[in-house]
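The exercises below are meant to be worked through with the model in view. Try each task before reading the solution that follows.

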Amino acid sequence: MDINIVLEELQNQNKTVYKNVFNHFYKGLVVYANNFLFDQQTSEDVVQEVFISLWENAKNIEIKTSLKAYLYAMVRNKCLNYLKSIKITDDLNLIDLNSVLTLEDDLDIISEEEKNIVYVQILKVIETFPESMKQIFKLKFIENYKYNEIADELDISVNTVKTQLKRARIRINEAIPLLLLLFFDRL
């Protein structure tokens, strides 16, 4: 459905469209929020607040990119506000790094400057990877290659690329909470 039609229907308080938008995005947004908060219940609460805000403020919403990007940006901002309210800061953008790594789509929800900071953090973490995993990861996330381009470049299968990237994400997801604990110990 065209974004303008969806927005118009949301602004007209069309419950069916609202319910469809909720059902379409809810699970993905909760997973995304959980990458910031590491707490399922709080993540669900944050996403519900976003949908309540969407319903209550639909008439004043201006979306310049896509509804999906708008919703993810709202969840990201609410998560960061929540973390700030409980005195957790992310000076090294490790939480953003985690969220970018676990999000499949590029939603343009973070600025180029933020992306550069995230990439620096990625480089520090991936330096500990085995050489082949490091190379695949850099081609995907630094050089922005597609799966098949990486496979062609390295003369390996697309499935090998996907497996190595999945393992890399698992390693980073394991490393980030440990790094966060080190930062929180210093607070």
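**Exercise 1.** Is Glu-131 buried or exposed?

*Solution.* Before starting, note that this is a predicted model, in which local features need pLDDT of at least 70 and side-chain atom pairs count only at pLDDT 80 or more, while totals for chains, interfaces and linings use all residues. Residues are numbered from 1 along each chain as its sequence is written, and side-chain values use heavy atoms, with hydrogens and water left out.

The classes to apply are buried (under 20% relative accessible area), exposed (over 50%) and partly exposed (in between), with a 1.4 Å probe and protein chains only. Glu-131 has a relative accessible area of 57%, so the residue is exposed.

**Exercise 2.** Find the salt bridges that involve Lys-134, and follow the network to which Lys-134 belongs.

*Solution.* A salt bridge is counted when a side-chain nitrogen of Lys or Arg lies within 4 Å of a carboxyl oxygen of Asp or Glu. First, Lys-134 pairs with Glu-131, with 3.7 Å between the closest N and O atoms; both residues belong to helix 7 and stand 3 residues apart, about one turn of the helix. Helices here are DSSP runs of H or I with at least four residues, and strands are runs of E with at least two, numbered from the N terminus.

Second, Lys-134 also pairs with Glu-127, where the closest N and O atoms are 3.6 Å apart. Lys-134 is buried at a relative accessible area of 11%, whereas Glu-127 is partly exposed at 43%.

Third, Glu-127 meets Lys-138 in a salt bridge of 3.5 Å, N to O. Because Lys-138 lies in helix 7 (residues 131-141) and Glu-127 in the loop between helix 6 (112-126) and helix 7, this pair ties together parts that are 11 residues apart in sequence.
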